[in-house]
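I opened my notebook to record what I looked up in this structure, one place at a time.

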Amino acid sequence: MIPYGREYDEDGFPIAPPANDEGVPPVEVETVSSADETPASGPRRVPLRERLLTVDQLATLAPPEPLIEGFLYRGTLAQLSATAGSYKTFLTVALSCALAAGENWEGYRVPKAEKVVYVAAEGASGLRARILAWCELSGVDPARLNGQLFVLPCPIQLGNFVDVSEAAELAREVGAGLMVLDTRAKCVLGLDENSATEQGKAIAAAEHILDAAGCAIFTVHHAGRTGSTPRGSTAWDGGVWSDLRMEGADMLAKVVCHKHKDAPSGCEHHFRAVPHTVSETLMPGVPETARNTLVVVSSDGETEASSLTGSVRQLWDAIETASTSAGMSPATLTDVSGLSRATFYRALKTLHTRGFVKNVGTEKRPMWAGTALGRQAFTRGAVS
């Protein structure tokens, strides 16, 4: 901060004061002679006059380029808000992995692979299992994510100049197409969540990273106790380019594109959380309990009666009729359902993939039981 009482030159830059009576030289002040020169701390400031566009020149502005079509766009600020336990981090991990691998995500187009910096502000200990589970269910070799998906196991404080500068440099050096801040609350410590002025500073800091690196910034935020309305000041709601709102419970979730500034919005996307145990091959020496996780997948178009075969319904009926909370072994379920061994395993895979059944035993001695999601789906007649 420049002290009061300092003199300035004709260009508005401070003039260093003369030495004091004791002959102590003044503190050197780094200045530039005019607005057209480049200061050592950053790129040259472009005068406003040079930024003016005519109506015809507006045609030179590129349209929004999707990173994940319908969800995220290059060089924009976006937020996802949801209540606790709504599977928001599982969804964010899944879309980050898909973007890093260059794979279409649950039916939504990913034009090309992009490097992703995932800021795990609440800790990174559980991310390995979640990432590897997504790879197994998606048939993607985890090696493809090396050099594409990076995890920063600490928050970036948007109210801290050093953190913001380092984050901008980091994203630029990596060549990130996306930086995820999970969660935003952990990245705005010391800034009043309910103050539009304070959160405006955080938005400006995020936009600085975005401008410096040319990446999208995707913040994961908590909603209030009910609904999916973001908690705190509405400054972010107006400041973001994309405002995604999520609700989830009982292994089902819904994302509403509340706003995209220059792309279609108002659409709904439905998902479900699938239990998955990462194989020992990918996580050798890790206890099974630490390999158990969830993967969020699309459920759009999956509730039609024709989407499941009769053998799947037959197996479900057997599980719900004869099973207990302790589950039933594959051998017992094969006998009870009356299905052949091959048909049984195909039907079981379908039920498990959709999250309708879960293994309540161990990997070596599985015991299968129905889930609340399965009972809800079959009871409401969504599947037959």
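**Backbone and surface notes**

I began with Y87, which I found in the loop between β3 (77-82) and α2 (88-101). I kept in mind that this is a predicted model, and I noted that Y87 has a positive phi of about 75° although it is not a glycine. Is Y87 buried or exposed? Its relative accessibility is 12%, so Y87 counts as buried, because buried means under 20% relative accessible area.

I then turned to D250, in the loop between β8 (242-249) and β9 (252-260), and wrote down that D250, a residue other than glycine, also has a positive phi, near 55°.

Next I looked up the peptide bond from D182 to T183, which is cis, with omega near 5°; I placed T183 in the loop between β6 (176-182) and α5 (196-213).

On the surface I marked a nonpolar patch formed by L53, V55, L58 and L61, which together have about 400 Å² of accessible area. One of these, L53, sits in the loop between α1 (48-51) and β1 (66-68), and with 44% relative accessibility L53 counts as partly exposed.

Last, I asked myself at what angle the axes of helix α8 and helix α10 cross. The axes of α8 (residues 310-322) and α10 (residues 341-353) come within 9 Å and cross at roughly 80°, and therefore I recorded the two helices, α8 and α10, as roughly perpendicular to each other. Where they meet, I listed S311, V312, L315, W316 and I319 from α8, and T343, F344, A347, L348, T350 and L351 from α10.

How values were computed: Residues are numbered from 1 along each chain as its sequence is written. This is a predicted model: local features need pLDDT of at least 70, side-chain atom pairs count only at pLDDT 80 or more; totals for chains, interfaces and linings use all residues. Side-chain values use heavy atoms; hydrogens and water are left out. Patches are made of residues with over 30% relative accessible area and no salt bridge: like charges are joined within 9 Å, nonpolar side chains (Val, Leu, Ile, Met, Phe, Trp, Tyr) within 5 Å. Accessible areas come from the Shrake-Rupley method with a 1.4 Å probe; for residues, only the protein chains shown count as cover. A salt bridge is a side-chain nitrogen of Lys or Arg within 4 Å of a carboxyl oxygen of Asp or Glu. Helices (H or I, at least four residues) and strands (E, at least two) are DSSP runs, numbered from the N terminus. Buried means under 20% relative accessible area, exposed over 50%, partly exposed in between (1.4 Å probe, protein chains only). Axes are lines fitted to C-alpha atoms, for helices over the stretch in contact, and angles run from 0 to 180 degrees between N-to-C directions. Angles under 35 degrees count as roughly parallel, over 145 as roughly antiparallel, 65 to 115 as roughly perpendicular and the rest as oblique. Contact means heavy atoms within 4.5 Å.
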